[in-house]
Amino acid sequence: MQNWLDSYDDRDWESDVEGTIRYALLGLGWWTVDVSIPAIESTDHGETTVLVSSTTEKAERVADEHGVERGISYDEFHDGAATDAYDAVYVCTPNARHLEYAETAAELGKPVLCEKPMEASVERAERMVEACADVPLMIAYRMHTDPAVRRARELIADGFIGDPVSVYGHNSQPLLEMNPNPDQWRLNPELTGYGTSEMDLGVYSINTARFLLDRDPVAVQSRMTSEHEAFADLDDQYVSSVFALEDDVHMVTTASQHAKDETHLKIVGTEGKVELSPAFHGECTLHVARGDVTVTIEHGEFDVTREMAEEFDYFADRLLGDAEIYPDGEHGLVDLQVVRAVHEAAESGDVVDIPRS
């Protein structure tokens, strides 16, 4: 067991680059203000220089509160304001508004880091990939740069668990306790896209499993229910799915926006297992087992802000160097194809094949 765990580099992706990427942050919700701004401040290669919001007044006020150089409105961003003050954009608006800002950024020649899921539908995600054909586009899957996840991926690739057999994933949170407003955007199908629980939470299990195993889902059967009045316009207050992945690996996932905060992902193989618990809401902890030995690997105070700092430094590393970006737009598009199939399967009651990208 010890031989599997001795050598590991938390930043195995890091290149020998120098320089700073100046970011314009679009969308000043709590995630951007409370997580992303502090995260960038702690990075090796990042600086926040422009904030973009619905009004110039709000953007300038938040910029002043956080010591950021400029604050501009969305309209001013579309008009090309402050382009000399930033090098790349981070898009953290509601899902259905990602595309318009990515398109403008691409027209301005600016690289794009877009929050997941990358858009509200497969068709709009395809348009984003096309629009960003000539600029770097990365989808913000922060689990890809979490050291616990990267170590699990390395162990799986090295054969620690033998041949992968099964995946079990869960992600839930009490959305209405976090924000009691029933008119919030995550409960608006016009803004969130394919439902809310699978788009916002279930995608973590799907994408992290894809990253860990280097396998994509090829078919799915699912069930959804919505009972609470706040979810009246959405079909997936609760969702459960059974997937077939490439190479006949089976995956079961559950997700809900109306349950206790709980996250985990377990992959079982012919020789051992790796488990992330908690997994997706910060403080990701890796548990590994092979034979009769179980080991827990912790990474100290590695909370969600640290996860975002790693993600921003990874993006900057790619922009300042010549290594390829992963996950790119094509990678993010696959997740939307999968989520769309989950909803189609729940509606039809049938097993739905998932197209390969």
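By the ring-centre rule, the count comes to 10 aromatic pairs. Rings of Phe, Tyr and Trp (its six-membered ring) pair if their centres lie within 6.5 Å; planes under 30 degrees apart count as stacked, over 60 as edge-to-face and the rest as tilted. The model is predicted: local features need pLDDT of at least 70, side-chain atom pairs count only at pLDDT 80 or more, and totals for chains, interfaces and linings use all residues. Residues are numbered from 1 along each chain as its sequence is written, and side-chain values use heavy atoms, with hydrogens and water left out.

**Aromatic rings**

- A pair of aromatic rings is described by the distance of the centres and the angle of the planes.
- Y23 and F312 form an edge-to-face pair, because their ring centres are 5.2 Å apart and their planes stand at 70 degrees.
- This pair links distant parts of the chain: Y23 is in strand β1 (residues 21-26) and F312 in helix α11, 289 residues apart. Helices (H or I, at least four residues) and strands (E, at least two) are DSSP runs, numbered from the N terminus.
- Both Y23 and F312 are buried. Buried means under 20% relative accessible area, exposed over 50%, and partly exposed in between (1.4 Å probe, protein chains only).
- Ring pairs join Y23, Y90, F312 and F315 into a cluster.

**Charges over rings**

- K110 places its charged end over the ring of Y86, 4.8 Å from the ring centre.
- R153 lies over the face of F211, at 4.1 Å from the centre of that ring.
- The rule for both: NZ of Lys or CZ of Arg is within 6 Å of the ring centre and within 35 degrees of the ring normal.

**Largest pocket**

- The largest pocket holds about 920 Å³ of space.
- Its lining has 36 residues, and W30, W31, C92, W185 and R186 lie nearest the centre.
- Elements giving two or more residues to this lining are α2 (30-41), α5 (98-107), α8 (175-178), α10 (197-213) and α11 (304-320).
- The lining divides into 16 nonpolar, 12 polar and eight charged residues. Ala, Val, Leu, Ile, Met, Phe, Trp, Tyr, Cys and Pro count as nonpolar, Asp, Glu, Lys and Arg as charged, and the others, Gly among them, as polar.
- On a 1 Å grid over the protein atoms alone, a pocket is an open set of points where a 1.4 Å probe fits, with protein on both sides within 12 Å along at least five of seven lines; lining residues have an atom within 4 Å of a point.
- Grid points are joined across faces, edges and corners, and the volume is the space filled by probe spheres set on the points.

**Helix α7**

- Eight of the 11 residues of α7 (residues 147-157) are buried, so the helix is largely enclosed by the rest of the structure.
- Those buried residues are P147, A148, V149, R150, R151, A152, L155 and I156.
- At the start of α7, a side-chain oxygen of D146 comes to within 2.8 Å of the backbone nitrogen of A148.
- Just after α7, G159 has a positive phi of about 90 degrees.

**Single sites**

- S197 lies in helix α10. S197 counts as buried, at 0% relative accessibility.
- The S197 side chain reaches the backbone oxygen of D236 at 2.6 Å.
- V352, in strand β15 (residues 352-353), counts as buried at 13% relative accessibility.
- P278 sits in the loop between β12 (272-276) and β13 (286-290). P278 counts as partly exposed, at 35% relative accessibility.

Definitions and conventions:
Polar contact = N/O pair within 3.5 Å; in protein donor to acceptor, adjacent residues only side chain to side chain.
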